[in-house]
Amino acid sequence: MLSKNIEALILASDEPLSFDKLRTLLERVEPVESSDVRAALSSLEEYYADRGIQLKQVGGGWQFRTAPACANIVKQLWQTRPPRLSRSMLETLAIIAYQQPTTRAEIEALRGIKVSSSIIGGLLERRWIKVLGRKDVPGRPHLYGTNKKFLEDFGLKSLQDLPDSSQLMEANIEQQEKLNLPEPTESTEHNEHEPEA
Amino acid sequence: MQQTAENNVEQQMFAGMETTLPLLPPVQLDSFEGPLDILLQLIRKQKMDIFDIPMATITSQYLAIIDSNKELNVDMAGEYLVMASTLMQLKSRMLLPRQEVDEEGNEIDPRDALVAQLIAYEHYRMLAEELDEFPRIQRDVFKRSVFPESEHIERPLPEADLEGLLAAFGQVLKRMKSEVLHRVVLETMTVREQIQFVTEALQQGSKQFHELLHGQQSREALVTTFLAILELWRQHIIQVIQTQNNACITLILSVSNQTDIGAKPNA
């Protein structure tokens, strides 16, 4: 019965259901052990692993989603396709995800080009990023970080679930350290010829 | 094309750093996201060593690309020009003997900072590509309520046509005929009164067409009420809904008029 209840709760919930929330809801009817809930979740996850809908842990909660393999057929349901993400948007998002909290100037320094307001605005609008606060430097620029919605929409359990950036660029990272990568904000050492932001 | 391009590059590399002849870019850039992106694409597509960038070659290739993209928008152009001057400066510094040394006495390559910048950028460019491949909601995977805005969607109710309404009225009248009426006093009703009646009835919620006419005793009352309904419909105060042909006709107040209690006067 526990499995059935869990399954039903996750399906009926309009947002990913966190473990705690799930437990609290179950507790209202009868006492449950966390370990039992955990076991039920993983057996459900396993049960659905090879089906058209899958039980996924995203953004700190559990949710039913269609299997990526079925994407093409599911898309036939609707006329409109989600717009492709531009490279500038993706790059900006990647920098924010890995460098958070970060400012627009820091993103611009990394990308070597101005980050337009429409990019930041677009990311804010999708609720993938949010303003975390202001950096204590002249101008008090906004500090950006990713939102829970980012994890949900990209199917990530948590930020730790992001690809390991060091593994991705192993060889280059070493070099980066050797070269003592100039900090975007206080870059004066080696780069007199550097373009001034 | 690719072969000649590579030969071209090789020739340039062997020709030495001094070459200042502008040469056409040997690679076609798909599109670019800023000066660093152009440089990286040039370096990677020509398999250049990023730690030993041939400055003369890359500078002239870069300038050629900038030149052929004069229509770059003004806002963006600034960064491209700054990079152009950086490259030219580096190119000339490469020709001079190294004067700068670090604490350990090693020569500092003037290209170091640019290389670091390029590597850092490439790093994030790869992460961005990686991120794009994640199964994304609404592109690769879908959840139960697919459209986040679905709560706000107002689904239009199927609208009935005048013909349907007239047909329904005809049926009511037909039913009337079979009833024998004994009426002595002639009731005089106005459309205006009936508008008030219909609006008030609908304030309580939607009503079926025949439900609304049911209480009306006389043919005159029926006709007057029907006229009131038509008038309200014409003024968009009510909505007339029929889900399919010959089905029941439902009347409801238009959303925008639900608070508007007073009935509009007869036109």
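Biologist: How many residue pairs are in polar contact across the interface of chain A and chain B?

Modeller: A polar contact is a pair of N or O atoms within 3.5 Å; within protein, one must be able to donate a hydrogen and the other to accept it, and residues adjacent in sequence count only if both atoms are side-chain atoms. Across this interface the rule finds eight residue pairs, both residues at pLDDT 80 or more. This is a predicted model: local features need pLDDT of at least 70, side-chain atom pairs count only at pLDDT 80 or more, and totals for chains, interfaces and linings use all residues. Residues are numbered from 1 along each chain as its sequence is written, chains are lettered from A and ligands numbered from 1 in the order in which they are written, and side-chain values use heavy atoms, with hydrogens and water left out.

Biologist: What is the count of salt bridges between chain A and chain B?

Modeller: Side chains of opposite charge can pair when their charged atoms come close. The rule asks for a side-chain nitrogen of Lys or Arg within 4 Å of a carboxyl oxygen of Asp or Glu. Between chain A and chain B the count is two. The side chains of R87(A) and D37(B) meet in a salt bridge at 2.7 Å, N to O. R87(A) also meets E91(A) in a salt bridge, at 3.4 Å. R87(A) and E91(A) are separated by about one helical turn, because they lie four residues apart in helix α5 of chain A.

Biologist: At what angle do the axes of α5(A) and α6(A) cross?

Modeller: Axes are lines fitted to C-alpha atoms, for helices over the stretch in contact, and angles run from 0 to 180 degrees between N-to-C directions. Helix α5 (residues 87–99) and helix α6 (residues 104–111) of chain A come within 10 Å and cross at roughly 120°. On the α5(A) side, the contact includes E91(A) and I95(A); on the α6(A) side, it includes L110(A).

Biologist: Which residues does a cis peptide bond join?

Modeller: Most residues other than glycine have a negative phi, and most peptide bonds are trans. Q100(A) and P101(A) are joined by a cis bond, with omega about -5°. P101(A) sits in the loop between α5 and α6 of chain A. R140(A) has a positive phi of about 40°, although it is not a glycine.

How values were computed. Helix = DSSP H or I, 4+ residues; strand = E, 2+ residues; numbered from the N terminus. Contact = heavy atoms within 4.5 Å.
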